[in-house]
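Subject: Structure for you to look at

Hello,

Here is the structure I said I would pass on. Please open it first, then read the notes below beside it.

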Amino acid sequence: MNVMSPGKNTRAESYRRMEDGTKEEYLLLKELAKPFKAQTADRILAYLPNLAESFPGMAVDRYVHSLQTATQAHRAGESEEFVVAALIHDIGDLLCPDNHALMAAEMLKPYVSPEVYWMIVHHNLFQGYYFFHHYGKDRNMRDRFRGHPCYQMTADFCAKYDQTAFDPNMDTMPLSAFEPMVRRVFGREPWGPQTKTEQFPSGY
Ligand SMILES: [Fe+2]
Ligand SMILES: [Fe+2]
């Protein structure tokens, strides 16, 4: 796909195999990637409303559910990265419905603390406490993580914000209210200091 207008120094088009690319071409590609990567937040914000087409049958659709999860986290005073994680925690429901937690978690990973990453990775298992038994499964599967530094945080995320976000009558913040937060979090230096904390000194 030709996304750049033809001209000198706008495309690295000489190679057909990566091994044939020159250093100059790779440096050019790195420059071209910067404005593209800077639009990550825009793409996420544009995609989120599509979640309205996800799993049917509940009192609110997944898009409203996502806004309500983030609304409650924000009103409870959670950190900005926590609120953004709450907003996109189910973003995988459309394209990755049988492993959705990992999709959101991996999107967030370069930009947030390992604690928030861990929370989103495991949120579906912890959420199971509220319904797994109705399918004949163990609702206490989360117990295998008891003692983990992020256990309580993840249990609280589900208890207070996620499992409670299916209310058509909730005063729900619009996506526009979260836009600046999404831009700030996804505008962070990827794999920067935010990904290395005392509990997880080297990130992971
Ligand atoms: Fe989820
Ligand atoms: Fe959810």
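The C-alpha trace spans about 60 × 35 × 35 Å along its principal axes. The protein has 204 residues, and 30% of them count as buried. Among contacts with a separation of 6 or more, 60% join residues 24 or more positions apart.

Confidence

The mean pLDDT is 92, and 94% of the residues reach 70 or more. Residues 1-7 are a stretch where pLDDT stays under 50, and the model has 3 contacts for them beyond four places in sequence. Where pLDDT is low, the predicted coordinates should not be read in detail.

The nonpolar core

The largest nonpolar core has 36 residues. Those that touch the most other members are Ala85, Ala86, Leu87, Ala104, Leu108, Val116 and Ile120. At least two residues of this core come from each of α3, α4 (80-88), α5, α6 (114-121), α8 and α9 (175-186). Helix α4 gives the most, with 7 residues. Beyond its neighbours within four places in sequence, Leu87 is in contact with Ser66, Ala70, Phe178 and Val182. As background, nonpolar side chains in soluble globular proteins tend to be buried together.

How do helix α3 and helix α8 pack? Helix α3 (residues 62-75) and helix α8 (residues 151-162) have axes 9 Å apart, at an angle of about 105°. An angle from 65 to 115 degrees counts as roughly perpendicular, and therefore α3 is roughly perpendicular to α8. At the contact, Thr69, Gln72 and Ala73 in α3 meet Lys160, Tyr161 and Asp162 in α8. These residues divide into 2 nonpolar, 2 polar and 2 charged.

One residue to check

His100 lies in helix α5 (residues 100-108). Is His100 buried or exposed? His100 is buried, because 21 other C-beta atoms lie within 10 Å and the cut-off is 20 or more. Leaving aside neighbours within four places in sequence, His100 is in contact with Asp90, Gly92, Asp93 and Asn124. His100 and Ile120 are 20 residues apart in sequence, and their C-alpha atoms are 9.8 Å apart in space. Ile120 is also among the core residues listed above.

Regards

Technical notes
Residues numbered from 1 in each chain as written. Chains lettered and ligands numbered in written order. Predicted model: local features only at pLDDT ≥ 70, side-chain atom pairs only at ≥ 80, totals over all residues. Buried ≥ 20, exposed ≤ 12 C-beta atoms within 10 Å, placed from the backbone. Contact = placed C-beta atoms within 7 Å. Axes fitted to C-alpha atoms, helices over the stretch in contact; angles between N-to-C directions. Helix = DSSP H or I, 4+ residues; strand = E, 2+ residues; numbered from the N terminus. Parallel < 35°, antiparallel > 145°, perpendicular 65-115°, else oblique. Nonpolar A, V, L, I, M, F, W, Y, C, P; charged D, E, K, R; others polar. pLDDT = per-residue confidence, 0-100. Core = buried A, V, L, I, M, F, W, Y, C linked by C-beta atoms within 7 Å.
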